[in-house]
Amino acid sequence: MPAPTRPTPDRDSREWWERVALGEFAVQECEGCGLRRFPSRAFCVRCRGEGRRWVAIRPVGTVESWVVSHRPFGQGEIVVTIRLDEVPDAVVHGSWEGTGEPEGGSRARAVFTAVDDTLTLVGWREDHGATGTLEDGPLATRSVSDVRSSGGAG
Ligand SMILES: [Zn+2]
């Protein structure tokens, strides 16, 4: 399996990645006018305010488009563009982890995949349940085991 492209968090996106690692899909919300935005930015595009807070949203949306990047061997990778339910102005790009190719307009939900201790990636798969309350939680695919001995007990 090819190594995933490693994102390089910057000043604006670092906290987003930290929250993703905890299984949370968060967006910034302007403290001035309440506009939610994604990806994170230093200031609000509507009121230019710099105050913002992070809010966890339901990680669900609608498939808007996708591209298939073919590889010389094996299956091609599908990158989808998702329009978030709770931030209609924003789209998110991520790998498609559903079955087969996505369909435009179909419902999708985030899948969190822990690559290693410091990197968790967000992909997308079809979501037939479609409501996606926060209580459902994201579909978590933990690929690393966090089970450790508490130590000392030989
Ligand atoms: Zn604002």
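Predicted model: local features only at pLDDT ≥ 70, side-chain atom pairs only at ≥ 80, totals over all residues.
Visitor: In what pattern do they come along the sequence?
Guide: The pattern is α-β-β-β-β-β-β-β-β-β.

Visitor: Which strands make up the open sheet, and in what order?
Guide: The open sheet has three strands in the order β2-β1-β3, and the pairing is antiparallel.

Visitor: Which strands stand at its edges?
Guide: Those are β2 (36–37) and β3 (52–56). Each has a single partner strand, so one side of each is left without a neighbour in the sheet.

Visitor: How many bridges are there between β1 and β2?
Guide: Two. Strand β1 covers residues 26–30, and it pairs with β2 in the antiparallel sense. To find the pairing in the model, look for Gln28, which stands opposite Arg37 in β2.

Visitor: What holds paired strands together in general?
Guide: Strands of a sheet pair through backbone hydrogen bonds, either parallel or antiparallel.

Visitor: Now the loop between β2 and β3. Where is the cis peptide bond?
Guide: It joins Phe38 and Pro39, with omega at about -5°. Pro39 lies in the loop between β2 and β3.

Visitor: What about Arg48 and its phi?
Guide: Arg48 is found in that loop between β2 and β3 too. Its phi is positive, about 65°, although Arg48 is not a glycine.

Visitor: What do most residues and peptide bonds do?
Guide: Most residues other than glycine have a negative phi, and most peptide bonds are trans.

Visitor: Is Arg48 buried or exposed, and why?
Guide: Arg48 is exposed, because 10 other C-beta atoms lie within 10 Å, and a residue counts as exposed at 12 or fewer.

Visitor: Changing topic: what does β7 pair with?
Guide: Strand β7 (residues 107–114) is joined to β8 by seven bridges, and the two run antiparallel. A hairpin of five residues connects β7 to β8. Within that pairing, Thr113 stands opposite Leu121 in β8. β7 also pairs with strand β4 (residues 60–69), in the antiparallel sense over three bridges. There, Val60 stands opposite Arg109 in β7.

Visitor: And how many bridges link β4 and β5?
Guide: Eight, again antiparallel, with strand β5 covering residues 77–84. Val68 in this pairing stands opposite Ile78 in β5.

Visitor: Back to β8. How many of its residues are buried?
Guide: Five of the seven residues of strand β8 (residues 120–126) are buried, so the strand is largely enclosed by the rest of the structure. For the protein as a whole, 20% of the 154 residues count as buried.

Visitor: Which residues touch the most other members of the largest nonpolar core?
Guide: Val80, Ile82, Ala108, Ala110, Phe112, Val122 and Trp124, out of 19 residues in that core. The elements that give two or more residues to this core are α1 (14–21), β4, β5, β7 and β8.

Visitor: Which element gives the most?
Guide: β7, with four residues.

Visitor: Take Ile82. What does it touch?
Guide: Leaving out residues up to four places away in sequence, Ile82 touches Gly61, Thr62, Val63, Glu64, Val91, Val92, Gly94, Ala108 and Trp124.

Visitor: What share of the contacts in the protein joins residues 24 or more positions apart?
Guide: 51% of the contacts with a separation of 6 or more.

Note on methods:
Residues numbered from 1 in each chain as written. Pairing = 2+ DSSP bridges. Contact = placed C-beta atoms within 7 Å. Core = buried A, V, L, I, M, F, W, Y, C linked by C-beta atoms within 7 Å.
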